[in-house]
2 protein chains.
Amino acid sequence: MTDLLAPLAAIVGAANLLTTPHDIAPFITDYRGRYHGSPLAVALPASSDEVAALVRFCAAHRIAIVPQGGNTSTCGAATPDGSGRQLVIALRRLNRIRAVDAANQTITVEAGCTLAAVQAAAASAGLLFPLSLASEGSCQIGGNLSTNAGGLAVLRFGTMRELTLGLEVVLPDGQLLDALTALRKDTSGLDVKQLFIGAEGQLGLITAATLKLFPQPTAHATALLGVASADEAIATLNALQAAFGDRLTSFEMMSEVCQQLVAKYQPGALPFQAPWALLVELSDSGDNTSLQERLLQWLAARGLGDGVLAQNDSERTRLWQLREQMSELQKRDGPSIKHDIGVPTSAIPAFLDACGTALQAAFPGVRIVAFGHAGDGNLHYNISHTRPGNAGLFADEDAVNAIVYEQVHRLRGTLAAEHGVGQLKGHWLQRYKDPAALAVMRAVKQALDPQRIMNPGKWL
Amino acid sequence: MTDLLAPLAAIVGAANLLTTPHDIAPFITDYRGRYHGSPLAVALPASSDEVAALVRFCAAHRIAIVPQGGNTSTCGAATPDGSGRQLVIALRRLNRIRAVDAANQTITVEAGCTLAAVQAAAASAGLLFPLSLASEGSCQIGGNLSTNAGGLAVLRFGTMRELTLGLEVVLPDGQLLDALTALRKDTSGLDVKQLFIGAEGQLGLITAATLKLFPQPTAHATALLGVASADEAIATLNALQAAFGDRLTSFEMMSEVCQQLVAKYQPGALPFQAPWALLVELSDSGDNTSLQERLLQWLAARGLGDGVLAQNDSERTRLWQLREQMSELQKRDGPSIKHDIGVPTSAIPAFLDACGTALQAAFPGVRIVAFGHAGDGNLHYNISHTRPGNAGLFADEDAVNAIVYEQVHRLRGTLAAEHGVGQLKGHWLQRYKDPAALAVMRAVKQALDPQRIMNPGKWL
C-alpha cells in the first residue's frame, strides 16, 4: 500500500498525511474505547478541493474512506477497521467560518469547525446557534450533521437537520456537490442535502454547511422540580407547553436512581429527592424580563412549590451540572450497558413501566439509570447489575438489548435517537427497521456509492 | 388498453374507477388551466392496501401513475399527459384522521385529507396544525407533502417538511414503506421519508403522514405598515425578530403596484399607500394578552406610527384579505407571467433592484407585481405589460423568465420556493441546478423507480 501514500501526500502536503503510530493514535480509537482501527493513513485536508482530490484518488484506487470529525462518536461511526487499507480523512483543518449573514440569520461554516466555534461566531454577530451538547468543545459540525445531532435544545430549535439550510458535499466519485444555499424555502427538485444528514459519512463527505441562526435569548428561567411519577412528568411537560408555548427550551428527566448517584458522590447537591426530577428551562428573546416570575407563579399554582428556581446565572449553571454530570457519575459507579432510545413522549410512562418490569423479571436486582431529553421522547437508559456485584455485565449485553429494543419497537420508537448507529447497532437496525425502509437505504447507497468506498463496515 | 380496466376496477370497485369523459373531467386539467391530459382512467382507492395493489398492478404492466391530491398544483405536477396510457390515482377517498396524540402533540392522517380537515382535527384536540395557504379548503395533505408546501406561517413553524415526523409510502414496486413514526429525534438509519417530501410523486406515492401539532396561539397582533424601501422592509423584519423572537409568525411584503391594484378595484380599502406595505403578524400561546400593546409600543418607538394595528378579529381578517386577494385582483387586471422565487432575505432588496432594472431595460413599461412571504425570502414576482396594452405577453415568457431566473441564480436563490416544479419549470431546473445535485436526483430516481412509472413526464 505504500505506493499509495506519495500521491495522497502530494494532495494534502506531506505534513498532513499522518502514518506513524504516534501521529495516527488520536484517530484510530473511538471515544468510548470500544473500537480500534488500523488505517492506511490519516489525511488532514485544508480545503474542499483537497477533499475532492483525495476522494477522486481513492475512488480510482478503490481505497475505502472513513470521514472523521472530532472523534466523539459514541457508536464507533468514525473509527476505521483493522485492515490497514482504509484512509481516515479528518476534517480539523477545514475549519473556516466562511460567512455570517446577520440579516438572513445564517452562517456558513466548514465541516471541521467545532460546534463551540460555530456557537462563538454566531454570538459575535449577536445571534444564537442553538445546537448544544456535552462534547461541543471538541465535536465538529461535519460530525453533528452526519449523526443529525440532538442535544439540549431540540424541543425548541430542532435537531441538526432542522438547523441546516445548505450543504457542500464531496460525492463518492469525487464530484463537489454545491447545495450551499441559505434559503428557508426551496422546492426546486429533490432536497438532496437531506440524504447526507444522518448518513454517518456513508454516502458522501460533508465539507461545509449553511446553518440557521436565531435571536439571542435575553431571558432564561430554569427550575428543578420533583414529581411523583412518569405520568406526572409528561402531564407537566404538556402543561408547560400549553402555558409557555415554544419558550419551553429544555425538559429533562432524571430517575430516582440518578438522584441517588448524585447523593452518593455529591452529598447535599440535590435539594430534594423524588421519584422523578425534572430540569426545565424556558428562554425568550426580546423584551421579557418577567419570565422567571411567570414560571414561579405557574409552579406555585400547580402545587409544585417544592421545586427550585435558579435565581441567577450561577444557580442556573449548578442546576444544569446536576444533569450534565450524569454520564460521569455513572462511569464512576461502574460500567453499564447504554441505550439512546426514543419513543413518543406520550409513551414514556408505558416504556418505563414495561421495560423496567421485563428487565427486573430477567435480571432480578438490575439497576436502571434513566435520564435524558424527555421533552423529545429521548431517554438515555443505562443498565447495570444484571448479576450480583455487577460482575460479567457485558455477557448480558445482547439479552439486555433484546429486551429494551423489543419494548422500544412495540411503542414505535427508535433504538438510536441522537447518537446514530455506527458499528454498535447495525445488527439491531437490520432487525427492527421496516424492511421497505432498509431496501430504500440500500438502493440509495448502491446508487451513490456503487464501489462502497464511503465508510464501509458501518450499517449501510 | 381496455383489458387493463377490469383488473383495476376489481381493486377499487367499479364505481371508483372513472373512465367516462364526464367523470374524469375534474382530474385532467390543472388548476391554472395550462395543462390538459387524457388518462387511461382515474382510480379512487380508499385504503393504503388498495393503493399498493394498484401500484403493484401498474408495475407489473408498466402503466405510468400520476398521483393527484386536490388538483391545486400551480405547475401542472398532478396532470397526466395526453397519451391515454397513464393512470391517475386520486387520493380523496383515503381521507381518515387515523389518530391524534395530544400528549405527543402529533396527528396521523391519510394523504387525501384536505389541509382544512387536518387543521380542524387538530383544533378539536385543542392544538394547532400551522400550515396555512390559500387553497387549504381543497388541497390535500399528500399534495402538501409532495410539494413541500409553505404558505403563511413558515417563518415561525417551517414548511411541510419541518412539520412532518413520519410517512407511509407505496414504493414504485408496490411495497408499503412504513416510516410512520411520531418521533422528534431518530437517527436509526437514513431518514428515508425525506426522499418523498417535495418529490412531486416521482419516487413513490404517499398514503399517510404523522405531523407535528403545536399549542393553540391565544394571542395575535396583526399590523399593516408602510415603509419607504425594500431595505427598510428587511431592516424592519430583523428588528421585529430581535424584539419578538419567534412570535413573529408572518411577514408579508406588497409593492406599490400591488397597492395600486387594491386602490383600483377596492377604493378606500387601503389605509395608506407607500413604496412597500408590510403585513406583520405576531402570535403567542399561553398567557400573553399584552401582545398587541407591545407591538403598538414597538411601532411607535420606531416611528412607524402611521401603520394600522388590527383591534379585533374582524379587522385582522380584513388586513389579511388585502394580502390574500392579490392573486385574484391581478387576474382581474389581465394575464401575467408568474414566478415563485426565493432568495436569502438579506438579498431581497438587491434582487428587486437588479431584476427590476433588467426587466425595464428589456421591456420598457413592464409592470411588476411583487408580493409574498418576504420573511422566508419568498416572493411572487409576476410580470405583465411587456408590450403596449399587455398584448402578446406569453410570447415574451421565455425571455422574461431568463432575466428573472438569472438574477435569482446570481443571488443563490431558487426558481421554485413553495410551488414546486411540475411540468412548468423542468427545463429551468436543468439549466440552473448544480450538476452534481441533478446527478444525485437522477441516480435516486433510477434506484427507486427503474421502470419510470411514477409520475413520468415531470422533471425527474
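Predicted model: local features only at pLDDT ≥ 70, side-chain atom pairs only at ≥ 80, totals over all residues.

Glu252(B) belongs to strand β13 (residues 248-255) of chain B and Arg323(B) to helix α11 (residues 313-324) of chain B, so the pair ties together parts that are 71 residues apart in sequence. Glu252(B) and Arg323(B) are both buried.

Chain A contains a salt bridge between Glu252(A) and Arg323(A), whose closest N and O atoms are 2.6 Å apart. Because Glu252(A) is located in strand β13 (residues 248-255) of chain A and Arg323(A) in helix α11 (residues 313-324) of chain A, this pair links parts that lie 71 residues apart in sequence. Glu252(A) is buried, as is Arg323(A).

## Other salt bridges

Over all chains, the count of salt bridges is 40. One of them pairs Glu162(A) with Lys212(B), with 2.7 Å between the closest N and O atoms. This pair crosses between chains: Glu162(A) is in the loop between α6 (154-157) and β8 (164-170) of chain A, and Lys212(B) is in strand β10 (residues 205-212) of chain B. Lys212(B) has a relative accessibility of 12% and therefore counts as buried, the limit being under 20%.

Salt bridges also form a network in chain A, linking Arg96(A), Arg98(A), Glu110(A) and Glu168(A).

## Helix α14 of chain B

Helix α14 (residues 397-410) of chain B comprises 14 residues. From its first C-alpha to its last, the helix reaches 20 Å, close to the 20 Å expected at 1.5 Å a residue. After α14(B) comes Arg412(B), which has a positive phi near 55°.

Which residues of α14(B) are buried? They are Glu397(B), Val400(B), Asn401(B), Ile403(B), Val404(B), Tyr405(B), Gln407(B) and Val408(B). An α-helix has 3.6 residues a turn, so residues three or four places apart point the same way. The buried residues of α14(B) pack against β16 (340-342), α13 (348-362), β18 (378-384) and α15 (426-432) of chain B.

Ser73(A) is found in the loop between β3 (64-68) and β4 (86-90) of chain A. Is this residue buried or exposed? Ser73(A) counts as buried because its relative accessibility is 14%, which falls under 20%.

Leaving aside residues up to four places away in sequence, Ser73(A) touches Asp30(A), Tyr31(A) and Ala78(A). The C-alpha atoms of Ser73(A) and Glu200(A) are 9.9 Å apart in space, whereas the two residues are 127 residues apart in sequence.

Rolling a probe the size of a water molecule over the atoms shows where empty space is left. The count comes to seven cavities of 30 Å³ or more. The largest cavity holds about 150 Å³ of space. It is lined by 17 residues, of which Gln194(A), Leu195(A), Asp191(B), Gln194(B) and Leu195(B) are the closest to its centre.

Both chains contribute to the lining of the largest cavity: α7 (193-196) and α16 (435-448) of chain A, and α7 (193-196) and α16 (435-448) of chain B, each supply at least two residues. By residue type, the lining of the largest cavity consists of twelve nonpolar, two polar and three charged residues.

Key:
Residues numbered from 1 in each chain as written. Chains lettered and ligands numbered in written order. Heavy atoms only, no water. 1 Å grid on protein atoms, 1.4 Å probe; cavity = no way out; pocket = protein on both sides within 12 Å on 5 of 7 lines; lining within 4 Å. Points joined across faces, edges and corners; volume = space filled by probe spheres on them. Helix = DSSP H or I, 4+ residues; strand = E, 2+ residues; numbered from the N terminus. Nonpolar A, V, L, I, M, F, W, Y, C, P; charged D, E, K, R; others polar. Salt bridge = Lys/Arg side-chain N within 4 Å of Asp/Glu carboxyl O. Buried < 20%, exposed > 50% of the residue type's maximum accessible area, 1.4 Å probe, protein only. Expected span 1.5 Å × (residues − 1). Contact = heavy atoms within 4.5 Å.
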